[in-house]
Amino acid sequence: MKDEITIIGTPISPYVRKVLAILDIKGVPFRCVPQIPFTGDADFTRISPLRRIPVLKHGDFTIPDSSVIAQYLEEKFPENPVYPSDVEARARARWFEEYADDHMGRNVLFPLFFQRRVRPVVLKEPTDEAVVAKAINEDLPEILDYLESQLPDEGYLCGPLSVGDIAIGSLMRNAFWADWTLDATRWPGVAAYLGRLYREPTMAKLNSLAESMLGRSPKDHPAIVDEFFAA
Ligand SMILES: N[C@@H](CCC(=O)N[C@@H](CS)C(=O)NCC(=O)O)C(=O)O
C-alpha cells in the first residue's frame, strides 16, 4: 500500500520498541519486519548506512534512527503527542531520550544485553564478564543515581508520558532480560517509576511481544510478530 508504514527491526531492540510504542500510542497502523542487527546485507546498508535498526519506511520514504523516526512520526501524526507541548519540558524529554539512546545504550545495553544475550546466542562468541561487571558495579549505579535525582514522586520525567520515558523504560527492560536485578531499596524512585511505565498498556504489550521472541529461533520471529499484531 502506498502510505503503509513499515518498521524494520526486531522488537527485542529497545530502539525498535521505542518507535513501535510511539506508533501504538498514536494509533497509527504499521507492519514490523523483525530484522536482527549484525546480519544486514548490501540492500539493508543502502537504507541504513550505519547498518543499525530501526529503519522506517513510509510509502516511498525511508529513514533510519529511532530519534529521527520518533520526531518524524510526531510531525506526521501530531495526535496523542509524545513530545510535551511546553518548550522546556520538551527539551528535557529530548534530553532523556538522548541520554537513554546514547549513554545508557553504551553503558547498559551493550555491556549487559549485548554481552549476555547477543554475543553467545547470535554471534556465538563468549561473554566478556569484565565488561558486564564494570556495567553492573560502576556505570549502572551512576546512571540510576542520576535518574533517582530527576524523578518526581508520581508520574513521569517531563509531565505526561513522553519519548524520554519510553526511551529509558525500553532500554532498562533489556537489562532485566540480561538477568540484572534492580536494588529497589537503593533506588526506590527508579523502581516505582519503571513499575508505572511497564504497566502502561503500550509498554506492557511490546515487552510481552519481545519476551515471547527471546529464546525463539530468529526464523520464527516474523510469524510471531505478524501473529501478535494481527491479534
Ligand atoms: N542511534 C540509533 C541506535 C540504534 C542501534 O544501535 N541499534 C542496534 C540494535 S539495539 C543495532 O542495530 N546495532 C547494530 C550495529 O551497531 O551494528 C537509533 O536510535 O536508532
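**View 1. Helix H8 and what covers its buried residues.** Helices H1 (14-26), H6 (163-176), H7 (188-199) and H9 (221-230) are among the elements that cover the buried residues of H8, where contact means heavy atoms within 4.5 Å. Helices are DSSP runs (H or I, at least four residues), numbered from the N terminus. The buried residues of H8 are Thr202, Met203, Leu206, Asn207, Leu209, Ala210 and Met213; buried means under 20% relative accessible area, exposed over 50% and partly exposed in between (1.4 Å probe, protein chains only). They lie on the same side of H8, because they cover an arc of only 155° around the axis, taken from the directions from the helix axis to the C-beta atoms.

This is a predicted model: local features need pLDDT of at least 70, side-chain atom pairs count only at pLDDT 80 or more, and totals for chains, interfaces and linings use all residues. Residues are numbered from 1 along each chain as its sequence is written, and side-chain values use heavy atoms, leaving out hydrogens and water.

View 2. Phe110 and Phe114 both sit in H4, four residues apart, about one turn of the helix. Phe110 is partly exposed because its relative accessibility is 37%, while Phe114, at 18%, counts as buried.

Methods. Helix = DSSP H or I, 4+ residues; strand = E, 2+ residues; numbered from the N terminus.
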